[in-house]
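Dear colleague,

Please find the structure below, handed over for your study. A short account of the findings follows it.

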Amino acid sequence: MIRHSSAVLARFAQGRRRFAYLVSACTLLAWVMLARGTAGAEAVPEFRVIVHPDNPVSELSRDFLADAFLKRTTRWGNGEALRPVDQRPSSVARQRFSDSVLRRSVAAVKNYWQQRIFSGRDLPPPEVDSDDAVVDFVVNHRGAVGYVTGGAKLEKAKRVVVH
């Protein structure tokens, strides 16, 4: 009877090992399928830069955008006045844009504008509350430039490539 019990236990242990192997194999297969599915899909960008639909530009440098949003540059190449528009400081798009384009945190940009206002040199771009408000501003103001989250609906606004 002891032999029979050890044989039963041995089979039980073998079954547990097979089950553990099967679970591990299924988990690995699931991870591989998940990785292949996301690798093939196009990633949504963190933000997109948009301009008025009549603006002739199709691409902008990060340096030009930084100068535009910090108001070091006030005109487009064709002489038209630049009208940048920001999102609220807590928006993800603004944080990503500030880090990537302005190469400063949102707090550092706010500090920059406080110094400019105090010295009487300039005012910051207007701040709006949403992607839709940015698109609306850009579409309704010639010379406007703004940024929205990667999945925002652009309506008539024109997307530009940032390099």
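**Findings**

Glu155 counts as exposed, at 65% relative accessibility. This residue lies in the loop between β6 and β7 (158-162). Please note that the model is a predicted one.

The backbone of Glu155 also deserves attention. Most residues other than glycine have a negative phi. Glu155, although it is not a glycine, has a positive phi of about 50°. Arg103 is likewise not a glycine, and has a positive phi of about 55°. Arg103 is found in the loop between α3 (92-102) and α4 (106-118). With a relative accessible area of 54%, Arg103 is exposed, because exposed means over 50%.

The aromatic rings come next. The count comes to 6 aromatic pairs. In one of them, the ring centres of Phe69 and Tyr147 are 5.7 Å apart and the planes stand at 50°, so the pair is tilted. Phe69 belongs to helix α2 (residues 62-69) and Tyr147 to strand β6 (residues 144-149), so the pair ties together parts that are 78 residues apart in sequence.

Are these two residues buried or exposed? Phe69 is buried, with a relative accessible area of 2%, and Tyr147 is buried as well, with a value of 0%. Both count as buried because the term applies under 20% relative accessible area. Phe69 and Tyr147 also belong to a cluster, in which ring pairs link them with Phe47 and Phe97.

Yours sincerely

Notes: Residues numbered from 1 in each chain as written. Predicted model: local features only at pLDDT ≥ 70, side-chain atom pairs only at ≥ 80, totals over all residues. Heavy atoms only, no water. Phe/Tyr/Trp six-rings, centres within 6.5 Å; stacked < 30°, edge-to-face > 60°. Helix = DSSP H or I, 4+ residues; strand = E, 2+ residues; numbered from the N terminus. Buried < 20%, exposed > 50% of the residue type's maximum accessible area, 1.4 Å probe, protein only.
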